[in-house]
Amino acid sequence: MLPLAWAVSLMPSTEQSRALAEVDAPALNRAMAFIVESEAHYRGERPGIPTDPTAALRAARTVLDGDASLAAAPVDWPAVADAHEREPFGRIHRRSLIARRDCPDDVTAALLTPWDPAVANRLVARQAELPEWTWWPSLRRLGETRPSLVRHVLTERNLPAVLRAATRIDLLVNVVNGYDHNHIRYGIAFWDAVGAMLRSRLGSDRRAWLAAARRLPEHPGSLEGLCARSSGAVENSGRRLPDLRILAQAPPEVLAATVARLDDEDLEHAMEESLRDVDSRQELRAPILARLRRGGVPDRAPIARWVRYARSGVHEDQAWLYGADDENDQRLSEWARTNTELCRLIAARFPRALTADLVTELRECSGPIEAQAVLDSACGDDTTPWSELVRAHTAEPLSEPVLCVLAARPGFPDVLAHALPARRLMLLARRGATAARVALTRPDCVYLATRDFRWSGLVDRIRFAGVLTDESVLRAFRPAREALDHGCRRPGNTPENNAWRAVCAKHLEQAAARTGPGFWHGLAERLPDFEGSLPELLVRSRDGE
C-alpha cells in the first residue's frame with residue numbers, strides 16, 4: 001500500500017479525494033499519514049507549542065529517558081534556564097539538555113559551569129559546530145574527553161592554534177589514532193596541519209625531517225620543541241624507522257630522497273609500523289600513497305603490496321603502481337573491467353601498436369587494459385566501428401574483458417550489452433546509456449538487484465552518473481511498484497528526490513486526467529503483480545485492460 005500511497009500523495013487534493021473514494025480509504029489514509037510523518041521527521045519538524053519539560057525531565061532516571069521526555073514537544077528554553085538557575089539539574093538531566101541542537105549558547109554555558117567532562121562529551125550528539133569556548137577545556141582534559149568530542153574540537157579552523165598551544169603532541173596523536181573510518185577526513189586534516197607546521201620550521205632539511213618522523217608520534221612535549229630538537233639532528237638515530245604519516249608531509253625532494261635510502265624490507269616495515277595503532281589504517285593509506293606519488297617516489301613492489309589494502313578512489317594513485325607487483329596487477333586488472341577511468345589511465349602508460357586488424361587484436365587481449373590500449377591505438381570513442389564489432393561478435397562472441405571496455409563507449413549496441421553477465425552489466429550501468437537501459441530491463445539483473453541491494457541501489461547509481469534522464473529511467477525501471485517504492489523511500493527536499501517526484505507525478509496526473517472513474521481502483525489492483533514499467537502500467541489502467 002505504501003507505493004500507492006506515495007503516488008497519491010503526489011497528486012492535487014481533488015485527485016487525492018478521488019483516490020480515497022475508489023480505494024480502501026482507511027488503509028490508504030494510514031499509509032499516506034505515515035509518508036507525511038516520515039517527511040516531517042526527515043525535515044526535523046515537531047508540531048506543537050513550546051512546553052516546559054522540567055518536571056518530566058527531573059523525573060528521568062537515565063539519559064535515554066531524559067532524551068525521550070525532551071523529544072515529546074518543542075522545549076521552552078527560557079523556562080529551562082530559569083529552572084536550572086533556581087535548582088541546578090543533575091548530571092543525567094544536563095547530559096540530555098546539552099545534546100539538543102536547539103540548546104541556546106547561554107543555556108549551554110550554564111549547563112557546563114563548572115566544567116563537567118561527562119556532560120561536555122554529549123555535545124557531539126548535536127552533530128553541529130561547537131562553541132569556541134568549549135575547545136580549550138576539552139583539550140586540557142584529554143584523558144576525560146571522548147575522542148568523538150575531540151574530533152569536533154580539532155577542526156581545520158583551529159588546528160594551527162591547537163598545535164601551537166599543545167604541550168603533549170603524543171596525546172593528540174593517540175586521540176587522532178582512534179578516529180574511525182567514518183571520520184577519516186578529520187584525521188587527514190590533522191596530519192596536514194602538522195605537516196604545514198613542520199614545513200615552516202624544518203624547510204628542506206632531510207635529517208631534521210627524518211628525526212621528526214621517527215620521534216613525533218611518541219614525543220611527550222610540544223610540536224615546537226620537537227622541531228627544535230630535530231633541527232641539526234645527526235644521521236644515525238638508531239634503527240627506528242620513520243613514520244610515513246609525517247615523512248609524507250615533507251617537501252617532494254626530501255620525501256623522494258629519504259624513501260630512496262630505505263631498502264625494500266625497511267620500507268615495508270616502515271609502512272606497516274606507521275599505521276599499527278591507527279583504527280582507520282586502511283583509509284589513511286590513501287592520502288599517504290597520494291603524497292608518495294606526487295613527491296616523485298618511484299613505484300616499488302613494497303608500496304604496491306601495501307596499496308592493495310588502501311581504500312583510495314583516486315585512480316592516478318592506483319594506476320601509478322601497475323606493473324610493480326603481480327598480485328596488485330591482477331587486482332587492478334579486475335577492477336579495470338568496470339572502472340573506465342582507471343582502465344584508461346593504466347592503458348595510457350602501456351601503449352600498444354597494432355600489428356593486425358582491430359578484431360584480431362582484440363581477440364588476443366587477455367584483459368581489459370590490453371583491450372583499452374588496442375582501442376586507443378585503433379580509434380577514438382566517437383569512431384568505434386560498431387558494425388564490424390557486432391558482425392565479429394555474431395560469428396564468434398567477443399571476450400568479457402573486451403565487452404566491458406566497449407560498454408563505456410558511445411553507441412554501445414544492445415546486442416553486445418545483452419552478452420555481458422548480469423553482475424558485470426549492473427556495475428557498468430553507470431558507464432553508458434545502453435548498459436544502464438539494458439540493466440534496468442534484463443530479468444537476471446532484476447533478480448540480482450532485488451536480492452543484493454534492492455532496485456534503488458542500481459537506480460541511484462544510474463541517476464547519479466547521469467547516463468540516462470529520469471524520464472528514460474522511469475520508462476525502463478520495472479516493475480512499476482519498485483519505481484514508486486524508490487520515491488517512497490527517499491523523503492526530504494533534495495533536488496534528486498524532487499526530480500523523481502516530478503517525473504512520476506507528471507505520468508500519474510496525465511493518466512488520471514485521461515481516465516474516467518475507476519482509475520485509482522484499477523491501479524491499486526494491478527500494481528502488486530504488474531511486471532512492466534510505470535508508464536506501461538498507466539496505459540493499461542487508462543485503457544481498462
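Is His93 buried or exposed? In this predicted model, His93 counts as buried, because its relative accessibility of 12% falls under the 20% limit for that label.

His93 belongs to helix 7, which covers residues 91-98. Setting aside residues up to four places away in sequence, you will find His93 touching Leu57, Arg58 and Ala60.

Which residues does Gly195 contact, leaving aside its neighbours within four places in sequence? They are Trp209 and Gln249. Leu247 also makes a handy landmark: 52 residues separate Gly195 from Leu247 in sequence, while their C-alpha atoms are 8.7 Å apart in space.

## The nonpolar cores

Now for the wider picture. The largest nonpolar core holds 84 residues, and the members that touch the most others are Leu406, Trp500 and Trp520. Helix 36 (residues 495-514) supplies the largest share of this core, with seven residues. Apart from this core lies another one, made of 79 residues, including Leu111, Leu159, Ala212 and Leu321.

Beyond its neighbours within four places in sequence, Leu406 is in contact with Leu375, Thr384, Trp386, Leu389, Leu398, Phe412 and Leu416.

Key. Residues numbered from 1 in each chain as written. Predicted model: local features only at pLDDT ≥ 70, side-chain atom pairs only at ≥ 80, totals over all residues. Heavy atoms only, no water. Contact = heavy atoms within 4.5 Å. Helix = DSSP H or I, 4+ residues; strand = E, 2+ residues; numbered from the N terminus. Buried < 20%, exposed > 50% of the residue type's maximum accessible area, 1.4 Å probe, protein only. Core = buried A, V, L, I, M, F, W, Y, C linked by side-chain atoms within 4.5 Å.
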